[in-house]
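Please read the briefing below with the sequence and the model side by side.

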Amino acid sequence: LNPATGKYRSTFDVQLAAPGTYKIVNAVDMMSASYKLGAETERWRGSRADLATVIPTGATDVKITQNLRRTETFVTRGAPTLTALKPTGKGLELEAITHPNDLVASEKARFRFLLDGKPAANLEIEMAPGAARYRDNPGDTKLTTGADGVAEFTWPPAGMYWIEASVRGGQGDVPGAERSAGYTATFEVLPD
């Protein structure tokens with residue numbers, strides 16, 4: 001694994017032991033709460049397991065949020081495979097209709113976005129090209145999924161791309177908690 005932590009970023013090596021596609025994921029399922037104890041507003045962040053013991057008896061105006069975040073990137077050694085691309089059914093996820101390692105400039109790609117395993121309709125997605133830091137027009141694009149959760153991307157030039165989407169509201173899988181879910185991924189788009 002060979003992890004290294006620097007001042008601005010952390011890195012690690014990934015050994016791809018067998019041919020196929022790998023999904024590298026950083027997934028977070030954390031809880032946050034705010035409540036009043038007397039006249040003071042208190043805030044807390046932590047694990048689901050600790051939630052039951054954190055909010056004191058007598059607390060009022062209790063608001064609990066389940067925060068589900070996923071950051072993904074996809075790597076293929078040899079021929080692309082589909083096994084690692086299966087969604088988990090939890091939080092906001094991407095289901096690949098077009099394989100994420102088969103993206104080519106000027107060709108359309110289709111991804112379905114799922115919220116807890118169901119199509120995320122009318123989800124706004126932001127797509128930003130890499131290496132756009134000093135451009136006057138960074139080239140960000142906003143897309144919206146259809147009723148089936150599908151968004152169609154057309155990659156202008158080849159390069160690296162970042163996509164992000166988030167949903168707030170609705171019931172999480174923790175009783176009484178509002179859900180806040182986010183998804184971020186990076187993709188490499190090859191020249192046509």
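In this predicted model, R168 counts as exposed because its relative accessibility is 55%, where exposed means over 50% relative accessible area, buried means under 20%, and partly exposed lies in between (1.4 Å probe, protein chains only). The side chain of R168 meets that of E178 in a salt bridge, with 3.4 Å from N to O; a salt bridge is a side-chain nitrogen of Lys or Arg within 4 Å of a carboxyl oxygen of Asp or Glu. Because the model is predicted, local features need pLDDT of at least 70 and side-chain atom pairs count only at pLDDT 80 or more, while totals for chains, interfaces and linings use all residues. Residues are numbered from 1 along each chain as its sequence is written, and side-chain values use heavy atoms, with hydrogens and water left out.

**Salt bridges**

- The partners R168, in strand β12, and E178, in strand β13, are 10 residues apart, and the pair links distant parts of the chain; strands (E, at least two residues) and helices (H or I, at least four) are DSSP runs, numbered from the N terminus.
- E178 counts as partly exposed, because its relative accessibility is 31%.
- Salt bridges with shared partners also join K23, R70, E72 and E93 into one network.
- R112 forms a salt bridge with E95, in which the closest N and O atoms are 2.8 Å apart.
- This pair, too, links distant parts of the chain, since R112 belongs to strand β7 and E95 to strand β6, 17 residues apart.
- Both partners are partly exposed, R112 with a relative accessible area of 22% and E95 at 26% relative accessibility.
- E124 forms a salt bridge with K142, and here the closest N and O atoms are 3.7 Å apart.
- Because E124 lies in strand β9 and K142 in strand β10 (residues 141-144), the pair ties together parts that are 18 residues apart in sequence.
- E124 is partly exposed, with a relative accessible area of 47%, whereas K142 is exposed, with a relative accessible area of 55%.
- In the whole structure, a search finds 12 salt bridges.

**Nonpolar cores**

- The largest nonpolar core has 28 residues, and those with the most contacts inside it are L92, F113, F153, W155, I163 and F187; such a core is a set of buried Ala, Val, Leu, Ile, Met, Phe, Trp, Tyr and Cys residues joined through side-chain atoms within 4.5 Å.
- Two or more residues of this core come from each of the elements β5 (60-77), β6 (92-96), β7 (108-115), β9 (124-129), β11 (150-154), β12 (159-171) and β13 (177-189).
- Strand β13 gives the most to this core, with five residues.
- Apart from this core lies another one, of seven residues, among them L51, I64, V174 and A177.
- When neighbours within four places in sequence are left aside, F153 is in contact (heavy atoms within 4.5 Å) with E107, K108, A109, F111, F113, I125, M127, L143 and I163.

**A buried polar residue**

- S32 is found in strand β3 and counts as buried, because its relative accessibility is 16%.
- The side chains of S32 and N67 are joined by a polar contact of 3.2 Å; a polar contact is a pair of N or O atoms within 3.5 Å, where within protein one must be able to donate a hydrogen and the other to accept it, and residues adjacent in sequence count only if both atoms are side-chain atoms.
- Leaving aside neighbours within four places in sequence, the residues in contact with S32 are W44, R45, K63, I64, T65 and N67.

- L1, F12 and V14 make a nonpolar surface patch of about 330 Å²; patches consist of residues with over 30% relative accessible area and no salt bridge, with like charges joined within 9 Å and nonpolar side chains (Val, Leu, Ile, Met, Phe, Trp, Tyr) within 5 Å.
- V14 lies in the loop between β2 (10-11) and β3 (20-37), and V14 counts as partly exposed because its relative accessibility is 39%.

**The protein as a whole**

- The protein has one helix and 13 strands, and along the sequence they follow the pattern β-β-β-β-α-β-β-β-β-β-β-β-β-β.
- The C-alpha trace spans about 65 × 40 × 40 Å along its principal axes.
- Of the 192 residues in the protein, 35% are buried.
- Among contacts with a separation of 6 or more, 62% are between residues 24 or more positions apart.
- The accessible surface comes to about 11500 Å², of which 51% belongs to carbon and sulfur atoms; accessible areas come from the Shrake-Rupley method with a 1.4 Å probe, and for residues only the protein chains shown count as cover.
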